[in-house]
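Here are my notes for anyone opening this one for the first time. Have a look at the model, then go through the points below.

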Amino acid sequence: MPGERSAAQQAYGDVAPGLADLSDRVLFGEVWERPGLSKRDRSLVTVAALVAGYRQNELPGHVRRALANGVTRDELAELVTHLAFYGGWPVANTAVPVLRAAFAALDGQSE
């Protein structure tokens with residue numbers, strides 16, 4: 001909708017408007033729209049990178065995006081389980097509450 005602020009604009013557009021603009025135009029505009037991978041596959045790759053990189057600030061939004069892009073709850077749980085062995089137990093353990101909160105939000109529960 002016209003006038004609606006993007007997630008990047010809401011998160012940091014007031015402090016770093018250039019970063020928000022690049023996020024909107026380049027990252028979510030150009031990169032996410034490239035034809036080489038589906039949005040679903042891009043979501044799996046992104047969530048895996050965020051979990052493995054211990055990027056807790058960005059993970060909740062991308063878990064929600066992954067679910068919206070067709071990644072299932074079971075697939076996200078399996079992704080975290082798999083990364084426990086490749087990324088480390090602590091990164092997987094820290095990702096579980098993020099999944100729990102995203103699933104609860106979808107179910108209309110507060111977490």
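1. Start with a charge on a ring: Arg 65 sits over the face of Trp 32, 4.9 Å from the ring centre. The rule here asks for NZ of Lys or CZ of Arg within 6 Å of the ring centre and within 35 degrees of the ring normal.

2. A word on what you're looking at: this is a predicted model, where local features need pLDDT of at least 70 and side-chain atom pairs count only at pLDDT 80 or more, while totals for chains, interfaces and linings use all residues. Residues are numbered from 1 along each chain as its sequence is written, and side-chain values use heavy atoms, with hydrogens and water left out.

3. On to the rings. Rings of Phe, Tyr and Trp (its six-membered ring) pair if their centres lie within 6.5 Å, with planes under 30 degrees apart called stacked, over 60 edge-to-face and the rest tilted. That gives 2 aromatic pairs. One of them is edge-to-face, because the rings of Phe 85 and Trp 89 have centres 5.6 Å apart and planes at 90 degrees. Are Phe 85 and Trp 89 buried or exposed? Both Phe 85 and Trp 89 are exposed (over 50% relative accessible area; buried is under 20% and partly exposed is in between, with a 1.4 Å probe and protein chains only).

4. Now the largest nonpolar core, which has 20 residues. Such a core is a set of buried Ala, Val, Leu, Ile, Met, Phe, Trp, Tyr and Cys residues joined through side-chain atoms within 4.5 Å. Those with the most contacts inside it are Val 47, Val 51, Leu 59, Val 63, Leu 76 and Val 80. Two or more residues each come from helix 3 (39-52), helix 4, helix 5 (73-86) and helix 6 (89-106), and helix 6 gives the largest share, 7 residues. Helices here are DSSP runs (H or I, at least four residues), numbered from the N terminus.

5. Helix 1 (7-12), helix 2 (17-31) and helix 4 (59-68) each supply at least two lining residues.

6. Finally, check Tyr 54 in the loop between helix 3 and helix 4. Its phi is near 60 degrees, a positive value in a residue other than glycine. Tyr 54 counts as partly exposed because its relative accessibility is 45%.
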